[in-house]
Amino acid sequence: MKVIPIYIAGGISGFESPAAEYKQRPLSLDELLITHPSATFIGKVQGDSMTGIGIFDGDLVIVDRSCTVKNGQVIVANFNGEFVCKMIDLKRRLLLSSNDAYADVVINQYDDFSIEGTVIYSIRCHDDAVNLCSR
């Protein structure tokens with residue numbers, strides 16, 4: 001990831017800004033959003049099953065594999081060969097959507113199921129002209 005330096009600067013020419021000595025260090029999204037770099041991946045959401053909790057089609061999710069999964073958390077899982085982003089009900093072995101248009105999914109013993117990690121952040125691209133999220 002490219003680090004973008006952000007500095008405080010004055011706007012009056014000919015005079016040094018009183019804030020010139022208070023330069024900020026570079027802003028790193030890695031440092032802000034990723035606690036366990038070797039156990040973290042980013043995925044792009046497809047579908048609208050999680051809109052009730054603010055995760056929309058096209059959003060990016062940051063997923064941490066090192067977190068212990070707790071009941072009710074948003075996870076990314078491999079369910080019968082398909083990656084899904086859902087809430088997990090560990091007690092009843094269910095995958096839950098936050099959109100009433102989708103039914104709960106029972107995790108049966110014969111299903112190929114593995115939790116890939118816990119969603120720790122979601123990121124939404126608001127400007128279609130920028131189109132960063134489609135890369």
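Let's start at Asn80, which is found in the loop between E3 and E4. Those labels need a word: helices (H or I, at least four residues) and strands (E, at least two) are DSSP runs, numbered from the N terminus.

Some ground rules. This is a predicted model, in which local features need pLDDT of at least 70, side-chain atom pairs count only at pLDDT 80 or more, and totals for chains, interfaces and linings use all residues. Residues are numbered from 1 along each chain as its sequence is written, and side-chain values use heavy atoms, with hydrogens and water left out.

Back to Asn80. Its phi is positive, about 50°, although Asn80 is not a glycine. The hairpin of E3 and E4 has two residues between the strands. Is Asn80 buried, partly exposed or exposed? First the cut-offs: buried means under 20% relative accessible area, exposed over 50%, and partly exposed in between (1.4 Å probe, protein chains only). Asn80 has a relative accessible area of 40%, so it is partly exposed.

Now look at Arg93. It sits in the loop between E4 and E5. Arg93 is not a glycine either, yet it has a positive phi of about 55°. With a relative accessible area of 42%, Arg93 is partly exposed.

Next, the whole protein. Along the sequence the pattern reads α-β-β-β-β-β-β-β. Of its 135 residues, 30% count as buried. The accessible surface comes to about 9500 Å², and 53% of that belongs to carbon and sulfur atoms. Those areas come from the Shrake-Rupley method with a 1.4 Å probe; for residues, only the protein chains shown count as cover.

What about contacts? A contact means heavy atoms within 4.5 Å. Among contacts between residues at least 6 apart in sequence, 50% join residues at least 24 apart.

How many residues of E3 are buried? Six of the six, so E3 is largely enclosed by the rest of the structure. Val74, Val76 and Asn78 point one way from the strand. Ile75, Ala77 and Phe79 point the other way.

Which strands does E3 pair with? Two strands pair if DSSP finds at least two bridges between them. E3 and E4 are antiparallel, with six bridges. There, Asn78 has Phe83 in E4 as its bridge partner. E3 also runs antiparallel to E7, joined by five bridges. In E7, Gly117 is the bridge partner of Val76.

On to E2. Four of its five residues are buried, so E2 too is largely enclosed by the rest of the structure. Strand E1, residues 40-44, pairs with E2 in the antiparallel sense over five bridges. Ile42 has Ile62 in E2 as its bridge partner. Five bridges also join E2 to strand E7, residues 113-123, again antiparallel. Here Val61 stands opposite Ser122 in E7.

The largest one here has 12 residues, including Val45, Met50, Val61, Val63, Val76, Cys85, Met87 and Val119. Strands E2 (60-64), E3 (74-79), E4 (82-89) and E5 (94-96) are the elements that give two or more residues to this core. Apart from it lies another core of seven residues, among them Ala77, Phe79, Leu95 and Ile107. In soluble globular proteins, nonpolar side chains tend to be buried together.

Zoom in on Val63. Leaving out residues up to four places away in sequence, Val63 touches Ala39, Thr40, Phe41, Val76, Glu116, Gly117, Thr118 and Val119.

Last, the cysteines. How many disulfides does the structure hold? Zero, where a disulfide is a pair of cysteine sulfur atoms within 2.5 Å. Cys67 is partly exposed, at a relative accessible area of 29%. Cys125 is partly exposed as well, at 26%. Cys125 lies in the segment after E7. Its C-alpha atom is separated by 7.9 Å from that of Gly58, 67 residues apart along the chain.

How values were computed. Core = buried A, V, L, I, M, F, W, Y, C linked by side-chain atoms within 4.5 Å.
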